[in-house]
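Please look over the chain shown here before reading on.

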Amino acid sequence: VAVTTRLLVSHLSGIRHYEKDITKVKEEKEKANRTFKLTKPFQDKEQKEKEGKGIEKTDSVKLKKEHEGEVKSRNSRPGRKDKEFEQEEYYLKEKFESVIESLKIFKNDPLFFKPGDQFLYSTYGFTLLSAVVERVSGQKFTDYMLKMFRDLDMLSTVLDDNEAMIYNRARCYVYNKKGRLVNAPYVDNSYKWAGGGFLSSVGDLLKFGNALLYSYQAGQFKITNGKLLPGYLKPDTVAMMWTPVPKTEVSWDRDGKYAMAWAVVEKNQQYGCCRQQRHYASHTGGAVGASSVLLILPEELDSEAVDTGQVAPPRGVIVSVICNMQSVSLNSTALNIAREFDKEKWAQ
């Protein structure tokens, strides 16, 4: 078989995640799909009733519904174990000197399926991807990334190195089996720099999101009088990264598909005065003792304003949330925040 970088970046490679037993992965996928098929008709019916009657609920009921939705989403993640953090490899303490060396963890394991046939989120797929970057660039992957972060002005984004003194590093927490809050256990993330080995801040993630949004929209502005600098990436590159890939799925938003290292929900509205699906890109993060999300909601640009140069990129809403707590579902919260800011802008 052939495993390409495109397959790796869209989690279609067949390389395993933390779970080594393919039977358990298939069972979890089937269970998640059955749950989704059973709950979706009732969710659709409830949505149509609310749209038809125009019933306004109290804030407390709304919050309860949103919380229930978060729980359902969290408990029906396709292809991912509910108790994923019980996998031993999450808690590796071995230090690897290079990403090439860390490939030994999984390089001799069989593929779970033929590359390109199915979607399976795989942190190790990104470890292999980082090894490709290391070989092609001729630099250590970590050096390559830190230079890129500097170019993006993300000066607070660093390696999650236990030995280094990192200013304002937060302590991380988990709930133990008795439901008590305790310090997260010691881990060494050198085996997965690309899939969960960096520390960052909300401010740096906002810079990252704005750089991508700027790059995405820069090509749409016709008249700039030569004052508009190019984006960090070409517009076509970001558009390709944010184009849904067939056979993929997204655990944190059932409306979405996986693209290239991003989950994407496309613009869609089937009926007038009914549910409107906005285009956005996001990605959540889960680590031992921490959770995060970065969500980008591009503004639907007015063609006249773009053609006359009345506005300049980036235009939209970027939401970043980082919390030093394990297993917190954040995508729905980030999307609600983005919609509120977007609604406020158009109200003005």
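A residue is called buried when its relative accessible area is under 20%, exposed when it is over 50%, and partly exposed in between, with a 1.4 Å probe and protein chains only. By that scale Val 3, which lies in the segment before α1, counts as partly exposed because its relative accessibility is 35%. The model is a predicted one, in which local features need pLDDT of at least 70 and side-chain atom pairs count only at pLDDT 80 or more, while totals for chains, interfaces and linings use all residues. Residues are numbered from 1 along each chain as its sequence is written, and side-chain values use heavy atoms, with hydrogens and water left out.

The chain holds 11 helices and nine strands, which are DSSP runs numbered from the N terminus (helices H or I, at least four residues; strands E, at least two). Of its 348 residues, 38% are buried. The chain exposes about 20300 Å², of which carbon and sulfur atoms supply 52%; such areas come from the Shrake-Rupley method with a 1.4 Å probe.

Helix α5 covers residues 123-137, and its 15 residues should span 21 Å at 1.5 Å a residue, which agrees with the 21 Å between its end C-alpha atoms; the expected span is 1.5 Å times one less than the number of residues. Its buried residues include Tyr 124, Phe 126, Leu 129 and Glu 134. The buried residues of α5 pack against four other helices, listed below, where contact means heavy atoms within 4.5 Å.

| Helix packed against α5 | Residues |
|---|---|
| α1 | 5-9 |
| α4 | 99-102 |
| α6 | 141-151 |
| α7 | 193-196 |

At the start of α5, a side-chain oxygen of Ser 122 comes to within 3.4 Å of the backbone nitrogen of Tyr 124. After the helix comes Gly 138, with a positive phi near 75°.

Asp 342 belongs to helix α11, residues 331-347, and it is buried because its relative accessible area is 10%. The side chains of Asp 342 and Arg 278 are joined by a polar contact of 2.5 Å, a term that requires a pair of N or O atoms within 3.5 Å, one able to donate a hydrogen and the other to accept it within protein, with residues adjacent in sequence counting only if both atoms are side-chain atoms. Apart from its neighbours within four places in sequence, Asp 342 is in contact with Arg 278, Leu 297 and Val 317.
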